[in-house]
Amino acid sequence: MKLKIKPPKPKPIKKTTLKRFLIKRTIYYVLPNVFFNFIIAYASFKELGYTHFFSGTQNLARLTLPMAIFLPVVLTIDIIKRVTDAANQEAIEFTVDEQLNIKKLMTKLSILHGLITGSLVLSLLFIGQYNFSKDYKLDATAMAIVVGVLAGILSVIFVYLPVWRLRRWMCRRTQAVAVDLNS
């Protein structure tokens, strides 16, 4: 006898517009990402006097590269799932095309966003390493602030960019109007 486990129904979403929905999600993503990434970066620099781009145990690349790869992946998957759930529950004014394979789109976009963002941050770190001397010491507190700000910027970008890509398969919901021709 096979047991079939039904996936839980998504939590009901209040009716809203897509714009308000995205602003609310942006606030939910930005504030914790900025706070926690700053705290993690600040706490990971044990000797708060300095840090480097790549060398030593307290380097900037150790914190920014995983964040730059995984944050866009997680946010892309989450926002596409939430927007499609809201569209299916008729909580927003858009519908998503039924022909669209949402899991394939989420996978493709999340991998693409993670690779592009990771390579951009890696290239910026290499440019910073190349432009500054090898013995240059970065202020740990300033670098923790930079990591927090980068997390906030990535959170905003990867709330709106996946939805912008998803809009290709979205259309406005229309309301049917019944007309009584007998009167």
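Start by selecting Asn37, which sits in helix H1 (helices are DSSP runs of H or I, at least four residues, numbered from the N terminus). This is a predicted model, where local features need pLDDT of at least 70, side-chain atom pairs count only at pLDDT 80 or more, and totals for chains, interfaces and linings use all residues. Residues are numbered from 1 along each chain as its sequence is written, and side-chain values use heavy atoms, leaving out hydrogens and water.

Is Asn37 buried or exposed? It's buried, at 16% relative accessibility (buried is under 20% relative accessible area, exposed over 50%, partly exposed in between, with a 1.4 Å probe and protein chains only). Now show what Asn37 touches: leaving aside residues up to four places away in sequence, you'll find Pro32, Met67, Val147, Gly148 and Ala151 (contact means heavy atoms within 4.5 Å).

Rings of Phe, Tyr and Trp (its six-membered ring) pair if their centres lie within 6.5 Å; planes under 30 degrees apart are stacked, over 60 edge-to-face, the rest tilted.

Select Phe35 and Phe36: this pair is edge-to-face, with 5.3 Å centre to centre and 70° between the planes. Phe35 is partly exposed at 48%, and Phe36 is partly exposed with a relative accessible area of 48%.

Then move to Phe38 and Tyr42. Their planes are at 25° and their centres 5.7 Å apart, so this pair is stacked. They are 4 residues apart in helix H1 (residues 18–44), so about one helical turn separates them. Phe38 is partly exposed at 25%, and so is Tyr42, at 33%.

Terms used:
Helices (H or I, at least four residues) and strands (E, at least two) are DSSP runs, numbered from the N terminus.
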